[in-house]
Amino acid sequence: MSVLRVIGYAIFGFFLLMMLIFAVSLVIVTMQMPHVPLTHTPVRVSMQAAGITYEGPPTQALTGYYCVYNASIASDGWIVNGTMYEPNQTAYSPPGYSIQLNVGLPSGVELQDVWGGSYTALNGQVIAIPTQGEVWVNGTLIAMRDGPPALNCGWLVIKIENGTAYFGFSSTGEDIDWFMTYPVGNTTIQPGVNTGIVIAGPGGFAGVNFTSLYAVLALYYWNGTAWVPAPVVPGSTHTGEFVVNAWVYVSDNEGVVTWPGPMNETVSLPTPGFKP
């Protein structure tokens, strides 16, 4: 073996040793650093519903908590020419919005438990906002029924039991008013883009243009014995209504929807005291 080859092997070995020392030092320094949790970044949503999408396991029941602390509306309207939002004073008077608990089934049937899809107004002022259950197939509404009136905060609930879907509402978080049923067969609520809770236009495929908005949404799924905070991501469920603009900030099972500015903090959530 030549002297030059020996020298080359020595240099290469020294290089490997130095890389090993560096790697060990980096591991030690990293272990000594304080743990910094991952930060969540608000996501801007435009021309679609704004809220959180369910990412948990298939379940027999899902409940969505909502509380709208502030909502000022410039207009309701529709999308024209495929992409443009056009305000329309005849859309809803006064202009409104909805909170939708949307559920997708493997059959393609979509269930909606809605607050704000319709309302009663007197002299330009809203005096009553009922909840509403809806069943959709391939974009066609095939069943609908009004439920109890609700306020700015409450719980929307959908469960499937013995082949029947039940639509419910709770204002207290302690009991449920089941106001609608629909046969769906032996099935389960599926995670994904068809399932979640969102804020959107009031109905009829309308959109809402907020001047200011601060609303909190949260999801819980039933694991067979108890309600569990649901894994969620910011996003829009498959629904025809939309917001012109909103920010969505997600932490754990909670989504904070705001406009015009984003928010990066959540509020303390109540937990459901009822059972499905």
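**Pockets, sheet and disulfide**

Tutor: In this predicted model, the lining of the largest pocket draws at least two residues from each of β5 (98–104), β6 (109–115), β9 (130–137) and β10 (140–149).

Student: How many residues line the largest pocket, and which lie nearest its centre?

Tutor: The lining holds 21 residues, and Q112, E134, W136, T239 and E241 lie nearest the centre. The volume of this pocket is about 290 Å³.

Student: What makes a residue count as part of a lining?

Tutor: A lining residue must have an atom within 4 Å of a point of the pocket. Q112 is among the 21 residues of this lining, so Q112 meets that cut-off.

Student: How do the residues of this lining divide into nonpolar, polar and charged?

Tutor: Seven are nonpolar, 11 are polar and three are charged.

Student: What is the volume of the second largest pocket, and how does its lining divide?

Tutor: The volume is about 170 Å³. Its 10 lining residues include I73, P95, G96, Y97 and I129, the closest to the centre. The division is eight nonpolar, two polar and no charged.

Student: In what order do the seven strands form the open sheet?

Tutor: The order is β10-β9-β6-β5-β14-β2-β17, with antiparallel pairing. From one strand to the next, the twist averages 20 degrees.

Student: Why do β10 and β17 (232–235) stand at the edges?

Tutor: Each has a single partner strand, so one side of β10 and one side of β17 are left without a neighbour in the sheet.

Student: How do you know that β5 and β14 (residues 196–200) pair?

Tutor: Pairing requires at least two bridges. β5 and β14 share five, in the antiparallel sense, so they count as a pair. N102, for example, has G196 in β14 as its bridge partner.

Student: Why is the link between C67 and C153 called a disulfide?

Tutor: The two sulfur atoms must lie within 2.5 Å. The S to S distance for C67 and C153 is 1.8 Å, so the pair meets the cut-off. By this rule the count comes to one disulfide.

Student: Why is C67 called buried, and what is C153 called?

Tutor: Buried means under 20% relative accessible area, and exposed means over 50%. C67 has 5% and therefore counts as buried. C153 has 30% and is therefore partly exposed.

Methods
Residues numbered from 1 in each chain as written. Predicted model: local features only at pLDDT ≥ 70, side-chain atom pairs only at ≥ 80, totals over all residues. Heavy atoms only, no water. 1 Å grid on protein atoms, 1.4 Å probe; cavity = no way out; pocket = protein on both sides within 12 Å on 5 of 7 lines; lining within 4 Å. Points joined across faces, edges and corners; volume = space filled by probe spheres on them. Helix = DSSP H or I, 4+ residues; strand = E, 2+ residues; numbered from the N terminus. Nonpolar A, V, L, I, M, F, W, Y, C, P; charged D, E, K, R; others polar. Axes fitted to C-alpha atoms, helices over the stretch in contact; angles between N-to-C directions. Buried < 20%, exposed > 50% of the residue type's maximum accessible area, 1.4 Å probe, protein only.
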